[in-house]
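Please keep the structure in view while reading.

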Amino acid sequence: MVGLELDELAKAWIEDCVVNHRPCPKPEEAELPARLIDVGNSTDNNGDLRLITTAKESKGRWIALSYCWGQTNNYRTTTRTLEDHLSHIPFNDLPLTIQDTIRVTRSLSIRYLWVDALCIIQDSDEDWQAEAEQMMNVYRNAYVVIAANQGKDVTSGMFIDRNPLESRPCEMRFRSRDGKQLIRWRWIHPPRIPWSVRVKKAHLQTRGWTLQETNLSTRVIYYDEGGLCWQCREGIRQERVPACLVTANDPLVPRRIFDAYAEDPMNIFTLWSGLVEASHLGLWHTN
Ligand SMILES: [Zn+2]
């Protein structure tokens, strides 16, 4: 799939979730985070882009990004660059993952985007303290969370060249020799890799931050090298079989700690021990 097709798939999944999923909260307009990137209301990628400070208690919709910063000297908001960013953010100066997220945000017709590097003043302890406390609301109330699953750093981008035969089914049609009659057709499916292997083994999942980012959010779209993946409270989807929703009741679907807690607070003990054993996250120090 190319970018535009992925946008259409993401839109279809979101719409299905919003309209048909009973366990998934409707995307009500929520209290906006203190700062957001205003991506404008056009799909023009050269359109105006700037940071805004929201009025207290103002409501709306935004997309939040979950990604790896990496070791690169990231483009960020500091006390020195804040005024410039409130006036204008040059699209071409941004690292690729943030550019890609802006493209997706515009294609989903959402006006605001939250990215920690730009929405928190990075050299202000005071601002970090205040915003870290709000991060739960930023992810929990986001319209959708976009997870750049493969990128090792913010310059990696969300879209990578890949073999479409490995991420979505291919329809083969067999016709008679004269080409007039359709004899049969077959679907050739890409290798069946479990969602939990596909998504949870990715580079992004080795970061401690993602634990809260993807557990708290209602709807997550993972941009993965194996294709687009979806998770909401109703279940999971993969681009390889776009119409198939594996419901959250399926034992193969990894439980999100806050969903399970909402169903029954006693679940917290089992989930917490599973979390502690999740050594692949690299969260724990041996000492
Ligand atoms: Zn849903």
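## Basis of the model

The model is predicted: local features require pLDDT of at least 70, side-chain atom pairs count only at pLDDT 80 or more, and totals for chains, interfaces and linings use all residues. Residue numbers start from 1 along each chain as its sequence is written.

## Overall make-up

The protein chain contains nine helices and 13 strands. These elements are DSSP runs numbered from the N terminus, helices being H or I of at least four residues and strands E of at least two.

Of the 287 residues in the protein chain, 31% are buried. A residue is termed buried when 20 or more other C-beta atoms lie within 10 Å of its own, exposed when there are 12 or fewer, and partly exposed in between, with C-beta atoms placed from the backbone. Among the contacts with a separation of 6 or more in the protein chain, 72% join residues 24 or more positions apart; a contact requires C-beta atoms, placed from the backbone, to lie within 7 Å.

## The nine-stranded sheet

Nine strands form an open sheet with mixed pairing, in the order β3-β2-β6-β5-β7-β10-β11-β12-β13. Strands β3 (50-53) and β13 (241-247) each have a single partner strand, so one side of each lacks a neighbour in the sheet. Neighbouring strands of this sheet are turned by 25° against each other on average, direction ignored; the strand axes are lines fitted to C-alpha atoms.

Two strands are said to pair if DSSP finds at least two bridges between them. Strand β12 (residues 235-238) pairs with β13 in the antiparallel sense over three bridges. In one of these strands, β13, V241 is the bridge partner of Q238.

## The nonpolar core

The largest nonpolar core comprises 52 residues, and those with the most contacts inside it include W62, L113 and I221. Such a core is a set of buried Ala, Val, Leu, Ile, Met, Phe, Trp, Tyr and Cys residues joined through C-beta atoms within 7 Å. Strand β7 (residues 144-148) supplies the largest share of this core, five residues.

Leaving aside residues up to four places away in sequence, L113 touches several residues, including I37, W62, I63 and T105.

## Two loop residues with positive phi

E57 is not a glycine, yet its phi is positive, near 65°. E57 belongs to the loop between β3 and β4 (59-60) and is exposed because it has 7 C-beta neighbours inside 10 Å.

S109, also not a glycine, has a positive phi of about 60°. S109 is found in the loop between α3 (96-107) and β6 (112-114); with 10 other C-beta atoms within 10 Å, S109 is exposed.

Note on methods: Contact = placed C-beta atoms within 7 Å. Axes fitted to C-alpha atoms, helices over the stretch in contact; angles between N-to-C directions.
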